[in-house]
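Work through the exercises below with the sequence and coordinates open. Each task is followed by a solution in steps.

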Amino acid sequence: MDILRFITAGSVDDGKSTLIGRLLYDSKSILQDQLEVLEKHSKNKNEDGVDLALLTDGLRAEREQGITIDVAYRYFSTAKRKFIIADAPGHVQYTRNMITGASNSDLMVILIDARKGVIEQTRRHSVIASLLKLKKVAVAINKMDMVDYSEEVFEAIKSEYSKIADNLGLSEVSYFPISALKGDNIVTVSPRTDWYQGAALLEYLEQVTLSEEFNGGNRFQVQYVIRPQTEELHDYRGYAGKVLSGKFRKGEVLQILPAGLTTEISRIEINGIEAEEVWEGQPAVIHTAHDLDIGRGDIFATGDQLPTVEKDLEVLLCWLDHKPLQPGNKYLLQQNSRLVKTIVKEVDYKINVNTLNREQVEDEIKLNEIVKVTLRTAQPLVYDSFISNKTTGSAILVDETSNSTVAACIIQ
């Protein structure tokens, strides 16, 4: 059974948390003790006597204010598929949290309040979906019960959003008239929208096909060099890590990057047991035919599709810090287990999150702004473009003094 990772996005009070609560509630994914706590704390109760939004608003501040602050991950399954949901905040000030959740998702569900239509946050989240190359978007037009389940309202919003989708290159967009509070068209098609001929939202999520494209070459990153130097394992030298993409087979010719060394895979171990091959997502220990200078953060690659090795790289930055970004500032760049010093060489342009237009940078870069920059690293970085390989095409910038994450990087 495969797993679908999706994120819900939308403005404040569009009903994201309620929608997720409805999916969990109607798919019987809530334990009895959770249900009892839910009934106890519920203020805005639905017909069943519970406030479904509380299922995802786990922080006390979220429950008290009735808003989502942090990205909340929830898990549920049906007979057809398993799901991991990221419930992202709707406030403009938490856009950075939304990007974090979206970067690991296969699909975005954008909620639109039927009473308000397409607003600025709708455009902002759609731009983020476009930047992160999310090919599939489900537009859930929520609170249809408050507009008397009007087909005209639904079609008007659908028409307006389709223009935005065309402009951003979002080609696989599906539309659903729903009421998260009442449960219309969430799990089953509602008789209240007899004019709607499509599937219920959950039915769509169960059946939507994920991209079968190969994810940008065979990549393995070393996390730890195992060298026990005991009597029993005197000559043992293994490189522990995880296959970031593709697969590796015993006997294959191996490229060690950034050093540019060549060797062969002499042995593969998974959980201490020898294996012939290892696949994407699996942790393993890989042994090489030659004793080479290999360390944490080095990349193993096989085949003809090799990554780029450079000190200068162009990236899209989503700035996450309250302290502004300025050209010339020094940071640490973290790419999985590789950590290198870097400097912001120059800021090329800023992206308008409402129009996707490129704008000249007049002053400093502030929180939640997205900019194209050129970075120069102290040592060569091994990377792919984000389009071809999300894992090796993304990174974060870390402030050297405070050790806080200040930017999310999409390598171009």
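## Exercises on a predicted model

**Exercise 1.** Determine whether strand β1 (residues 3-9) is enclosed or open to the outside, and identify its pairing partners.

Solution. The model is predicted.
- Step 1: count the buried positions. Five of the seven residues of β1 are buried, so the strand is largely enclosed by the rest of the structure.
- Step 2: look for one partner. Strand β3 (residues 82-87) pairs with β1 in the parallel sense, over six bridges. Within this pairing, Thr-8 has Asp-87 as its bridge partner in β3.
- Step 3: look for another partner. Strand β4 (residues 107-113) also runs parallel to β1, with four bridges between them. Here Ile-7 is bridged to Met-108 of β4.

**Exercise 2.** Find which residues touch the most other members of the largest nonpolar core, and list the contacts of Phe-6.

Solution. 
- Step 1: take the largest core, which has 66 residues. Phe-6, Met-108 and Tyr-161 touch the most other members.
- Step 2: list the residues that Phe-6 touches, leaving out those up to four places away in sequence. They are Leu-23, Phe-83, Ile-84, Ile-85, Ala-86, Ser-105, Leu-107, Val-109 and Leu-205.
- Step 3: check for a further core. A second, separate one has 22 residues, including Tyr-331, Leu-333, Val-340 and Ile-365.

**Exercise 3.** Decide how many disulfides the structure holds, and explain the result for Cys-318.

Solution. 
- Step 1: state the cut-off. Two cysteine sulfur atoms count as a disulfide if they lie within 2.5 Å.
- Step 2: find the cysteine sulfur closest to that of Cys-318. It belongs to Cys-409 and is 9.9 Å away, which is too far for a bond.
- Step 3: repeat from the other side. For Cys-409 the nearest cysteine sulfur is that of Cys-318, at 9.9 Å, and Cys-409 is in no disulfide.
- Step 4: The structure holds zero disulfides.

**Exercise 4.** Locate Ser-179, state whether Ser-179 is buried or exposed, and list its contacts.

Solution. 
- Step 1: Ser-179 lies in the loop between β6 (172-177) and α7 (201-207).
- Step 2: apply the cut-off. Buried means under 20% relative accessible area; Ser-179 has 0%, so this residue is buried.
- Step 3: list the contacts, leaving aside neighbours within four places in sequence. Ser-179 is in contact with Asn-142, Lys-143, Asp-145, Tyr-149, Asp-184 and Ile-186.

Notes:
Residues are numbered from 1 along each chain as its sequence is written. This is a predicted model: local features need pLDDT of at least 70, side-chain atom pairs count only at pLDDT 80 or more; totals for chains, interfaces and linings use all residues. Side-chain values use heavy atoms; hydrogens and water are left out. Buried means under 20% relative accessible area, exposed over 50%, partly exposed in between (1.4 Å probe, protein chains only). Helices (H or I, at least four residues) and strands (E, at least two) are DSSP runs, numbered from the N terminus. Two strands pair if DSSP finds at least two bridges between them. A nonpolar core is a set of buried Ala, Val, Leu, Ile, Met, Phe, Trp, Tyr and Cys residues joined through side-chain atoms within 4.5 Å. Contact means heavy atoms within 4.5 Å.
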